[in-house]
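User: I want to learn how to read interfaces in a model. Can you take me through one?

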Amino acid sequence: MDERLRRFLFPSITPAFLVRVVLVALCAYGFFGFVCTPFVIRGKSMESTYRDGGFDFLWKPHYLYSKPQRGDVVAISLAGEDVVYLKRIVALAGQTVAFKDGVLVVDGRPVAEPYVKGPCDWNLPPRTVEADHVYVVGDNRSMPMEQHDFGQVSLRRIVGVPLW
Amino acid sequence: MVTRNKILAGVAVLLAVWAVWTFFPSRTRQVKRQFSSFSEWVSKDGPEGNLTLVNEATKADEFFAPQCTWEAHGYDLNGTVTPQEVSRYYFAGRARFNKLSLKFYDLDIRFPERRTARVKATVRITGTLQDGDSVSETHEVRCTLQKMHGKWLFGQVTVVEVLKR
């Protein structure tokens, strides 16, 4: 075996090597624990954009220097990091949101949503999004409205965005 | 000898820090402990005997003020209740569950007055009913606790929907 390859695969356990291992482990723990957290999608509320069982990373610094916009897919913390919802922002604070025969209506105007696949027959009377809140809905509108968790949520619950 | 004395002094300092930490917790830690105890009081791992249930139900006054105001519109739990009434709810509600877990997350604790704590938290309830159906709910709760007889007791509990349609 080539000497360099042998040293790479079976390095000598020197103090410098141990320091490097600890530093890499700490950086990985910090990055994947607090900055870019891996997660598995459970549930069908964001289909067909995000499939049930799919794997992704939660990019937390996304809104450090910008504010959530309409159309963004965001991760919403419901209970710490144990329960996090993926939803799409369809209206911002102060806007009026409604569903009429399956069509999203914001401030009285119908909104085209190319990411929504399948039929939708939702009807929801208009309501105004409160200050410091956004209105979020999943992309899967084929499921009955009663079974779909959506609504306005406080901005402080947005913990990041999926990386892809 | 000097080294031995230094080690003993170090151990004594560590013990003192531990004792202060354990026996004189800050107000924030006291409130956190109360939430943790409340979680344990409500949660159950499996079937339990009636005697245990009755015994546990009588502990409501360790968590609730003599008059506690509830606002939980989704549960028909509104108005002012006494610890005795909470005990009855506890007994009836808990008997419906085979397994029950209640956990608090993201506790935001403020002290507007010396003996009053305002807490905003997320509560997650999961469990299995006696008929086998699963329950999984998440709500935001806003609580006011008052310090009475050395304990932080719930005086007001408001349940807020996290996703409000």
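User: Where do I start, and how many residues of chain B are in contact with chain A?

Analyst: Start with the contact counts. In this predicted model, 11 residues of chain B are in contact with 21 residues of chain A.

User: What area is buried between chain B and chain A?

Analyst: The size of an interface is often given as the accessible area lost when the parts come together. Here that is about 1400 Å², with 49% from carbon and sulfur atoms. On the chain B side, B:L163, B:K164 and B:R165 lose the most area, together 53% of what that side buries.

User: How many salt bridges are there between chain B and chain A?

Analyst: Three. In one salt bridge, the side chains of A:R157 and B:E140 meet at 2.8 Å, N to O. The interface also has nine residue pairs in polar contact. Strand 4 of chain B gives the largest share of its side, three residues. That side divides into six charged, two polar and three nonpolar residues.

User: Chain A is divided into domain 1 (1-36) and domain 2 (41-162). What area do these two bury between them?

Analyst: About 410 Å², 69% of it on carbon and sulfur atoms. A:F34, A:V35 and A:C36 supply 77% of the area that domain 1 buries against domain 2.

User: Which polar features join these domains of chain A?

Analyst: The rule finds one residue pair in polar contact. The salt bridge count is zero. Helix 2 (residues 15-35) of chain A gives the most to the domain 1 side, with five residues. By type, that side has five nonpolar residues, one polar and no charged.

Conventions
Residues numbered from 1 in each chain as written. Chains lettered and ligands numbered in written order. Predicted model: local features only at pLDDT ≥ 70, side-chain atom pairs only at ≥ 80, totals over all residues. Heavy atoms only, no water. Domains from an automatic or database assignment. Buried area = accessible area lost by both parts, 1.4 Å probe. Salt bridge = Lys/Arg side-chain N within 4 Å of Asp/Glu carboxyl O. Polar contact = N/O pair within 3.5 Å; in protein donor to acceptor, adjacent residues only side chain to side chain. Helix = DSSP H or I, 4+ residues; strand = E, 2+ residues; numbered from the N terminus. Nonpolar A, V, L, I, M, F, W, Y, C, P; charged D, E, K, R; others polar. Contact = heavy atoms within 4.5 Å.
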